[in-house]
Amino acid sequence: MLIFEQSMPGRRAVAQAPLDEGAFPDIPEAFLRQRPAALPEVSEMQVVRHYTRLSQKNFSIDTQFYPLGSCTMKYNPRGANTLAMLPGFLSRHPEAPPSHSQGFLACMHELQEILKEVTGMRAVSLSPAAGAQGEFAGVAMIRAYHDARGDHARSEILVPDAAHGTNPATAVMCGYKVREIPTRRDGDVDVEALRGVIGPQTAGIMLTNPSTLGVFERRIEEIAALVHAAGGLLYYDGANLNAILGKVRPGDMGFDVIHVNLHKTFSTPHGGGGPGAGPVGVSERLVPYLPVPLVARDGDAYRWLLEEDCPESIGRLSAFAGNAGVLLRAYVYARMIGREGMARIAEYSALNANYMQAQLRKAGFDAAYPARRASHEFIITLRRQAKRLGVSTMDFAKRLLDHGVHAPTTYFPLLVPECLLIEPTETEDKATLDGFVEAMAVILEEAERDPERVRDAPHTLPVRRLDDVRAARELDLAWRPGADT
Amino acid sequence: MSNLPTELKYARSHEWVRAEGGDLVSVGISDHAQELLGDLVFVELPEVGAGVDAGSECAVVESVKAASDVYSPVTGEVVEVNEALADAPETINDSPYEDGWMFKVRLSDPAELEGLLDAAAYSEVIESE
């Protein structure tokens with residue numbers, strides 16, 4: 001029920017009401033409302049109960065196992081929240097002069113340095129406010145680099161067919177044509193096909209490594225050499241950085257630009273609108289184009305580097321310096337984890353994924369790439385079960401909700417039919433992983449015995465199966481008084 | 001098992017082609033393709049008059065599961081599109097080979113049809129996936 005539907009004319013939260021109605025002499029008459037806004041008229045207690053009930057319906061990493069593949073839904077340590085919310089940080093005005101912001105700037109500078117070190121890049125800008133904006137900044141820098149050299153003939157970005165949909169979308173946003181590279185049956189990029197399409201029109205390639213198929217791209221050095229020899233640049237999508245953190249560095253693989261999803265790898269809050277943070281790192285040749293502001297250190301003093309300091313910068317991506325509160329949380333997390341901790345993240349996230357994959361195979365499920373070791377995530381395909389029992393991957397996913405687990409990513413990557421992309425992360429213990437495998441086994445057994453029960457799931461949540469087809473076809477986002485509900 | 005009319009030609013990328021007489025063909029997606037995609041909620045069609053190359057992207061079908069490019073199986077000029085799909089994308093689910101046709105192409109080279117798969121060969125492609 002919407003809070004609007006609880007509205008009763010004249011009901012108010014008296015204790016919260018302003019002392020007077022307020023007058024706004026500075027606002028021109030033409031911009032003032034003619035009628036009061038159609039707000040719900042409810043009591044204070046109704047508001048508290050309404051939002052508390054809603055919050056109890058959350059499925060979140062704080063309440064449930066959340067193995068959403070390619071999303072790295074790991075625990076967000078409370079310590080990072082506490083420190084990022086110190087009064088000095090919370091009260092700092094974004095326009096405060098650098099002399100009053102030395103502590104904050106020092107944290108941002110150190111975070112730049114930590115990200116440089118762990119990704120092997122030459123310089124980092126923290127300003128992109130999300131992964132998609134980081135991608136945009138990355139490809140905009142590739143374009144700026146070619147343009148600065150007068151190399152205007154480069155019109156194509158290469159993207160493997162296993163890529164996140166954001167990659168081709170970003171390339172198109174930056175004015176490039178997308179050329180898809182096929183994937184081999186073993187999960188690697190088809191290097192021979194790549195050879196065939198690479199040329200003087202190639203601006204760059206966008207790769208995720210490990211790929212969205214949950215396997216490491218084994219011929220990455222060869223791919224990097226090919227792209228560089230043709231004059232193109234390599235973009236690293238940081239979606240799966242968790243798998244290699246502290247072990248292998250994209251800079252060492254030959255990448256020229258990378259975005260890091262701090263809300264994934266560096267454990268800042270994720271989902272439900274974030275906000276995210278997608279810092280970008282670059283190799284030597286792209287340093288002049290980094291988005292501003294950056295933080296510089298002169299001796300013991302820190303200062304912003306702005307447009308006048310970086311005349312070739314692609315510019316600003318937001319009014320201030322990115323999502324400061326998120327960057328602070330990531331900084332605290334990185335400092336808590338430390339260099340050794342980062343390597344342990346890669347080890348345990350890969351161990352957990354491989355353990356789960358092995359256990360699920362024992363329980364009768366098919367791995368999409370059984371010959372390959374999983375990275376930090378893996379794919380199982382329910383194609384066989386779907387054919388035989390008429391129970392789809394979506395049905396399994398919905399039934400998992402009844403078992404108290406957030407469903408893994410479904411039907412992505414598109415290359416694998418009836419797939420679940422499962423990413424346990426390093427923060428889950430063995431009992432939780434075993435619980436998931438057990439739930440899958442129970443659902444499989446149920447699908448044999450009573451497939452209807454699985455097809456009708458979920459049964460125990462506040463809402464049953466939603467009609468997502470009707471929702472997409474008859475999109476209706478605005479509540480109106482008197483609308484049928 | 002999905003329905004595969006034997007009078008049609010098929011592409012590996014799951015489109016079908018029907019010879020409509022002369023150098024005209026109609027194109028749609030196979031029953032297997034619509035089944036994999038699930039309930040369609042959006043269809044984007046090519047422009048009438050547009051030139052298409054065999055293997056090039058020329059339309060988009062979107063379901064609640066996925067958005068997928070549709071590739072033209074043939075080379076030529078688009079002469080008609082199925083406007084009714086804009087308001088009723090589910091037609092492709094209900095009738096992939098008849099009412100759910102997507103666009104018609106005037107072929108540059110009618111011999112191109114011989115390079116496409118027949119129902120038996122396409123059936124093997126589906127099985128091997």
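Modeller: The contact between the chains takes seven residues from chain B and seven residues from chain A, where two residues are in contact if their C-beta atoms, placed from the backbone, lie within 7 Å. On the side of chain B that touches chain A there are four nonpolar, no polar and three charged residues. Here Ala, Val, Leu, Ile, Met, Phe, Trp, Tyr, Cys and Pro count as nonpolar, Asp, Glu, Lys and Arg as charged, and the others, Gly among them, as polar.

This is a predicted model, in which local features need pLDDT of at least 70 and side-chain atom pairs count only at pLDDT 80 or more, while totals for chains, interfaces and linings use all residues. Residues are numbered from 1 along each chain as its sequence is written, and chains are lettered from A and ligands numbered from 1 in the order in which they are written.

Within chain A, the domain assignment gives domain 1 (78-337) and domain 2 (344-471); such bounds come from an automatic or database domain assignment. Taken over C-alpha atoms, the centres of domain 1 and domain 2 of chain A are 31 Å apart. Their contact draws 19 residues from domain 1 of chain A and 16 residues from domain 2 of chain A. The side of domain 1 that touches domain 2 has nine nonpolar, seven polar and three charged residues.

Now the helix packing. Two packed helices are described by the angle between their axes and the distance between the axes. In chain A, the axes of helix H4 (residues 102-119) and helix H11 (residues 324-362) come within 10 Å and cross at roughly 40 degrees. That angle makes H4(A) oblique to H11(A). Angles under 35 degrees count as roughly parallel, over 145 as roughly antiparallel, 65 to 115 as roughly perpendicular and the rest as oblique. The axes are lines fitted to C-alpha atoms, for helices over the stretch in contact, and angles run from 0 to 180 degrees between N-to-C directions. Helices (H or I, at least four residues) and strands (E, at least two) are DSSP runs, numbered from the N terminus.

The crossing of H4(A) and H11(A) is left-handed, a term used if the near helix is turned anticlockwise from the far one by less than a right angle, with right-handed used if clockwise. H4(A) contributes A:Cys107, A:Met108, A:Glu110, A:Leu111, A:Ile114 and A:Val118, which meet A:Leu327, A:Leu328, A:Ala330, A:Tyr331, A:Ala334 and A:Met342 in H11(A). By class, this contact has 11 nonpolar, no polar and one charged residues.

A second pair in chain A is helix H5 (residues 131-148) and helix H6 (residues 166-173), whose axes come within 9 Å and cross at roughly 45 degrees. H5(A) is therefore oblique to H6(A). Their crossing is right-handed. A:Ala132, A:Glu135, A:Phe136 and A:Val139 of H5(A) make the contact with A:Thr166, A:Thr170, A:Ala171 and A:Met173 of H6(A). These residues divide into five nonpolar, two polar and one charged.

Some backbone details remain. The peptide bond from A:Val292 to A:Pro293 is cis, with omega near 0 degrees, and A:Pro293 sits in the loop between strand S7 (280-282) and strand S8 (294-298) of chain A. The bond from A:Ala457 to A:Pro458 is cis, with omega near 0 degrees; A:Pro458 belongs to the loop between helix H15 (451-455) and helix H16 (468-473) of chain A.
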